[in-house]
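Biologist: Before I use this model, I want to know what stands behind the terms you apply to it. Please show it and go through them one at a time.

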Amino acid sequence: MRRFLLLLLVLSCAGAFAQPSITYGGERKFDGVHQNEIYGNLIYGGNTVTGRFFGEAASYTRHFTERWSITAGEQAQFLKNVYSFDVMGTYRIPFKRTSLYLDTRIADNIYHQWHVNEVLINASAYWETNYVDLRFGVSFIHFHKNDVKEQYQSYTDASYTELPTLTVGFGVNIRPRNNPWNLGLYIRNFDQYYYENWNINWGLRFHATLPWNDIKIYSEFNIRPAGSMSQLATRYETSLRVGLKYAW
Amino acid sequence: MNRRILLTSLMMSAILLASCEKLSEKINPAGILMAGTAVEDRVAMSYKYFLSHYDEKVWLVAEGDYTFLVGADSHVTTDPRRMDEMLAIGLKDDDLFYAHLGDIADTKAEYYITLDSLLQAAKYRYVLQNYVLWDEYHYVEKGTEEEEFPTLYTYEEIVYPFFPVVGNHDIMRNGWALWSNIFHSSFYEIDVIVIQDDGNFAFDHLIFLDSASGTLGTTQIRLIEEGVLNGKYDDGTSIYRNTFVFSHTNIFKPQFNEFASTFPREETFYLLDKFEEWNVTCVFCGHVHTWDERNFNGVHYLTLDSMCEANNPNPGDYLVRINVKQDGDVSWSPVHLSTAGPTKK
């Protein structure tokens with residue numbers, strides 16, 4: 001327990017390592033051998049507000065037991081100037097051939113060019129079956145301005161705590177989850193660092209095991225429209241993400 | 001078994017994806033895959049209209065204090081009584097203008113015909129109250145008829161001061177064609193010239209954004225960044241005393257179970273920052289059908305409840321009136337709509 005807390009503290013303080021692992025379409029559970037996993041990916045895309053952007057994200061997962069794990073991550077999107085740090089604790093409940101993961105995540109997102117700092121807590125359940133995965137949860141999001149106007153010195157005059165936001169995600173792969181390669185589709189109202197209310201992301205995901213050292217390559221082509229339901233989806237952001245996962 | 005799960009999952013995802021675009025609207029998978037760009041077309045058309053009609057640009061003139069009336073989400077169908085009541089209240093209380101925050105009618109041609117007839121009738125009453133006939137074709141403002149050379153207006157030249165923004169329901173089923181046929185532009189600005197008692201002038205600024213798609217889109221953001229709405233002197237000081245922004249989509253979330261999408265994260269923060277840069281006094285939003293009032297870093301935000309009879313059948317305070325004093329002070333008060341909607345069964 002002490003080692004667990006120490007690791008959490010070190011990773012939080014270092015801020016070194018958003019969360020590629022939460023969008024990864026492959027198997028998340030501890031393989032019984034490799035206690036450490038690292039994910040790293042590059043991203044390139046276009047956004048309506050900021051135009052072209054590129055960036056990176058990385059996360060480190062430590063499996064303490066077959067059930068408990070902790071993940072810490074970071075991401076930086078340059079030109080968009082959004083930087084994030086997060087820590088996530090996970091408890092896995094095996095159920096027949098499937099796994100139910102209970103994730104609790106704390107993230108800090110710095111929207112530098114708009115002088116906004118956002119802190120969020122997300123609690124969600126992620127159900128991983130052979131072909132299909134589902135995520136359902138809730139986010140608590142608070143943000144505040146860093147450049148509070150002089151006449152509004154009070155923190156509360158420049159901060160806002162949103163009412164809880166539901167988190168939903170659904171993915172499906174064309175091969176069984178433990179296949180050496182896989183291709184899938186997903187829809188979800190979140191991504192590696194943000195949680196939207198009803199704006200639905202969707203896209204294609206892919207992963208494959210490389211022949212060297214059990215390294216996996218993964219990729220996502222993500223479409224992020226603005227608006228949903230009665231507000232017809234409109235082009236907002238498109239991105240391509242390519243990364244590697246290594247376990248040891 | 002696995003194959004069955006896979007097929008079921010694919011069907012579920014297809015249904016969910018289709019429902020994201022509103023099932024009755026665009027089932028076309030290409031439309032879902034690529035997402036629409038309608039906001040770009042609307043803003044491009046609106047800005048072109050603005051440039052080609054610059055000579056007809058509306059300037060509102062207020063002498064001393066003035067007020068204006070704001071309503072939202074009227075969703076006019078076959079029964080336009082609430083809308084009619086809003087316009088009657090505005091005329092009776094002599095508001096300088098009336099603003100509407102979008103979703104003015106549910107998109108059917110017959111509803112827009114109803115709305116257009118209503119606005120034409122309201123304009124006629126407005127002209128009767130504020131103008132007198134000068135000759136067979138021209139009107140003059142009341143109080144100027146004794147002048148030797150008063151400004152003459154044809155009936156068509158008289159601007160009925162009803163200014164809407166476009167809402168997401170206004171653009172469904174090719175609704176933009178109906179909406180733009182009446183209102184022409186979804187992205188525009190109006191200046192209010194305030195003549196103060198001491199003879200000095202002040203300027204207030206009204207900005208109407210096209211946020212019907214939950215994003216301003218690339219074109220609108222580019223125009224904003226080019227400074228078309230900035231209103232600043234060369235030395236960077238603002239021309240305007242008060243700036244009021246009107247947007248359909250809301251910024252803040254007034255309720256947990258709101259079944260309406262808002263701006264994406266980056267655009268939310270971009271807008272909050274832009275409103276501060278513009279030194280906005282108050283931002284008016286609709287869309288979510290719930291009342292909300294808050295201050296955020298010096299900008300006041302009012303999100304209005306729906307004035308539609310079907311959404312809120314009981315009479316209530318669904319409108320707000322903004323009181324602008326000639327010294328620039330701004331306050332607001334609720335305005336009651338007494339028309340009752342259909343009884344819910």
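Modeller: Two residues are in contact if their C-beta atoms, placed from the backbone, lie within 7 Å. This is a predicted model, in which local features need pLDDT of at least 70, side-chain atom pairs count only at pLDDT 80 or more, and totals for chains, interfaces and linings use all residues. Residues are numbered from 1 along each chain as its sequence is written, while chains are lettered from A and ligands numbered from 1 in the order in which they are written.

Biologist: Which residues does B:Tyr66 touch, not counting residues up to four places away in sequence?

Modeller: B:Leu96 and B:Val324.

Biologist: Why is B:Tyr66 called buried?

Modeller: A residue is buried if 20 or more other C-beta atoms lie within 10 Å of its own, exposed if 12 or fewer, and partly exposed in between, with C-beta atoms placed from the backbone. B:Tyr66 has 20 other C-beta atoms within 10 Å, so B:Tyr66 is buried. In chain B, 41% of the 345 residues count as buried.

Biologist: What makes the stretch that holds B:Tyr66 a strand?

Modeller: Strands (E, at least two residues) and helices (H or I, at least four) are DSSP runs, numbered from the N terminus. B:Tyr66 lies in strand E2 of chain B, residues 66–71. Chain B has eight helices and 14 strands.

Biologist: How do you know that E2(B) pairs with strand E13 of chain B?

Modeller: Two strands pair if DSSP finds at least two bridges between them. E2(B) and E13(B), residues 316–324, are joined by five bridges and run antiparallel, so they count as paired. Within E13(B), B:Val324 is the bridge partner of B:Tyr66.

Biologist: What is the sense of the pairing between E2(B) and strand E3 of chain B?

Modeller: Parallel, over four bridges, with E3(B) spanning residues 97–100. B:Val70 has B:Ala99 as its bridge partner in E3(B).

Biologist: Which strands make up the open sheet, and in what order?

Modeller: The sheet has five strands of chain B in the order E6-E3-E2-E13-E14, with mixed pairing.

Biologist: What makes E6 and E14 of chain B edge strands?

Modeller: Each pairs on one side only.

Biologist: What lies between E13(B) and E14(B)?

Modeller: They form a hairpin with five residues between them, and B:Gly328 in the turn has a positive phi of about 100 degrees. Seven bridges join E13(B) to E14(B), residues 330–337, and the two run antiparallel. B:Val324 is paired there with B:Val330 as its bridge partner.
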